[in-house]
Amino acid sequence: MEFKTYSSPHLPVADSVRSMMQRVLLALLPGIICFSWLFGAGVIINLLLAGITALFAEALVLWLRKRPLATLTDYSALLTGVLLGLALPPLAPWWVPVIGSLFAIVIAKQLYGGLGYNPFNPAMAGYVVLLISFPLELTLWSAPATAPGIIDTLLYSFTGQLPTGDALDALTMATPMDAIKTRLGLSETLSELQGSPLYGSFAGAGWEWINLWFLIGGLWLLQLRVIQWQIPTGVLAGLAATAFVFYAYNPDAYSPPLFQLFSGAAMLGAFFIATDPVSACTTPRGRLYYGLGIGILTYVIRTWGGYPDGIAFAVLLMNMAAPTIDHYTRPRVFGQGN
Amino acid sequence: MNRSATSFSRPQLSSFKTLHHFHGGLKLPGHREITASMPIRQAELPPQLIVPLQQHIGAAAVSLVQVGEQVCKGQLIGRQAGAISACVHAPSSGVISAVEDRPVPHPSGLQAPCIVIDTDGMERDSDEQYPLLDYTRLTPDALCKLIRDAGIVGLGGAGFPTQVKLGCGKYDIKLLLINAVECEPYIACDNRLIQERAADIISGVHILQRAVEAESCIIAIEDDMAQAEAALQTALQQDGNNTDIALTRVPEIYPSGGERQLIKVLTGEEVPSQGFPADMGIICQNVGTAAAVHNAVVKRQPLLPRIVTLTGNGLVQPQNIEALIGTPVSHLVATAGGYCSDVERLIIGGPMMGYAVTDDNIPVTKTLNCALAVTADEMPVPPPAQPCIRCGKCTEVCPADLLPQQLYWYAHSSNLDAAQDYSLFDCIECGCCAYVCPSHIPLVQYYRHAKTEIWVREKQLQSSDLARQRHEARLSRLDRIKQERAARMAKKKLALAGDDSRKDNKKAAIEAALERVKRKKQQADSTPGNTDNLTPAQQQLIDDADRRRRQQQEDRNS
């Protein structure tokens, strides 16, 4: 009788891209819940808009490229949309997530060849395009736990109509990180700021909890071995170490490491964004350096740069360096000398 | 994973008490329990035995028999050809019915020269009497010769001729390592062999140790082979002359049964990438080989049967079967109760490194340790490959510390130089990377393909180098001839030009000759020649002729 032949190994496959992406999305859930609980329906609207646009854009380009639409089900486009949506302020108008998502999928991902071929993190590329093109819209953060209701948010998002009697300024406020940076620059001391409502229990008010939940989701991914420890460790260590150096040098002028670790997109960046395998380093040692680079650059951009958070730029800069880092960090092959 | 070894019996080998670990590897579902608890079954004698001449690494054996010839059981039918080769013996008595190409176990379903024996069921032994020997009195060389003449090759799977590996005193061996780590899932033939014939193995180990004059010896066994381990322990305790064999348990991590990986686990040292264990003073032999060595030296029997694991959900009665070399796999399948109706794939070897074959009409060889018949439920058709997302899971599990995704990238784009630069040839094709790949890329296939392409390219390079050398040699030869001729001509020309007087002499000689000819011609025209000393009769004839000529002239004038 004629048997079927396949190449070894023959044991059934252990994992799939689809299930990896699924687990990443699941791991994001605690952070997403906390985020939307603090910042209201705007978060969910952003996620939906960005996610749906990403899927639509991916499907469109796959159709144009005459590729099987089945690859849509690998969740990679959805994940890109979700990560982008998470980076956007909850009061951003509807076209912000849509444009960002379109850019991320069509230009940053598919025009480079689609999944596996993009040199830059698509979500961060989309975010940076928005940040540079629409700086005003990207500052529309409300104060934690004071977000307008779902109807008001929807109305504002799609029509720009503010809830009656409110001014935009009354709804929005700078993120704690931004505010603390500005006020440290105005020679207020950190100890003064730590007493202000900007400061929560140990980091930026509200943001500390979002970061904590993203940290928990990230640790779960580590435990599942969906991601490896090198990149998150590198990012957090790079960020904390740099922050510590400056904080130790002048504790009144620089925010402490813990504040840096639990503010802005630090945990989201370390566990979910920097770990995008396609655009990151692949050698074990290279990944550690890659993470460290992101951590240090994030601190530098946060402290001395013109933008509120540094994760996106740091990730894109290190994306550029990834092939070079990989080249110089090849592991020693079994039985070969150093 | 750096746990300390559990050494039994006489642990003099203090230096091997700590285990080390190699990078990567996998904890795989064992599936060995299917057959590991059932006794080895003897296969019935098949009507026909197909004995390939090449069942080992190296040169194929040369057939010594003719079609129609009667052979006895154990008779030498193929002699080894060259230094790296092994001989083959008739596994049973019968008549040679063909010496021709037959399908052999091979990933590409190749045919290769085989000796086909129609068995007579008599199991006739050769009349030759081999004296039983006391191996403790034999020299290492003599032992190696006995092992060579028994046609023994590494029975773990690679099939390297054992006497070549032992080196016969060529190496300074410190450690003899007996590999009882059967790390591929499903395979349990060594496990059963140990459980049933531990004493034979220990005896074989002593012989091997003597043959390589190793200072120490370890038997390494996987930590999930408790019964086999107990059997070995008992055999060691009952063994009279056991002084220096240690038994060490190694963790069950695929591929810890690989020679290089096992040496790393036990000694912490890595066999050099281009080198051999013997360079480090280590020789590694499989337990099956040790048992075969015992048979060869103590019982004076060549390597005729081997144990094959017949397993998988595609078989009705999976079990370990001892079969004569040359027995068709289809015959073993029948012994194992035949196929289930939903069998889909037949794999020769284990599920990680074995190859799927299209047909079971192939013979058991010295290295065939497992025939795995699986259903689609057990091993479904691999899903279509997706793009590599560089997740690095392959790097995490690679026991050779390679960067499989980079190798894939270069192999995929036929960038062979870069693939070699990334140590493609250090890949042991264990399949760990492809097993964990979430994109389901058949990575090992790409590496094999790239290796083959590089071999082909190197061969072409060699032949084109040769052609170029020949062409260059021809050009230089033609050039040399041309130059020599030119030099000769120039020399001649020079000689002619340098001697003017000779040229004048020649001219004068020619003129003189012409003068002589001219003079001669004038004389011939004026006077009749040859008229001296005429007899009166001749004169009379001449006068008559002159008169007639004059008469005629006058007649014409008038």
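Guide: Helix 2 of chain A passes helix 6 of chain A in a right-handed crossing (right-handed if the near helix is turned clockwise from the far one by less than a right angle, left-handed if anticlockwise). This is a predicted model: local features need pLDDT of at least 70, side-chain atom pairs count only at pLDDT 80 or more, and totals for chains, interfaces and linings use all residues. Residues are numbered from 1 along each chain as its sequence is written, with chains lettered from A and ligands numbered from 1 in the order in which they are written.

Helix 2 spans residues 41-64 of chain A, and helix 6 spans residues 150-159 of chain A. Helices here are DSSP runs of H or I, at least four residues, and strands are E runs of at least two, numbered from the N terminus. The two axes come within 9 Å and cross at roughly 45 degrees. Axes are lines fitted to C-alpha atoms, for helices over the stretch in contact, with angles from 0 to 180 degrees between N-to-C directions. Helix 2 and helix 6 of chain A are therefore oblique to each other (under 35 degrees is roughly parallel, over 145 roughly antiparallel, 65 to 115 roughly perpendicular, the rest oblique).

Helix 2 of chain A contributes A:Ala41, A:Gly42 and A:Ile45 to the contact. Helix 6 of chain A answers with A:Ile150, A:Thr153, A:Leu154 and A:Ser157. Contact means C-beta atoms, placed from the backbone, within 7 Å. By class, this contact has 4 nonpolar, 3 polar and no charged residues (Ala, Val, Leu, Ile, Met, Phe, Trp, Tyr, Cys and Pro are nonpolar; Asp, Glu, Lys and Arg charged; the others, Gly among them, polar).

Now the chain contact. Chain A gives 35 residues and chain B gives 51 residues. The side of chain A that touches chain B divides into 17 nonpolar, 12 polar and 6 charged residues.

Notes: Contact = placed C-beta atoms within 7 Å.
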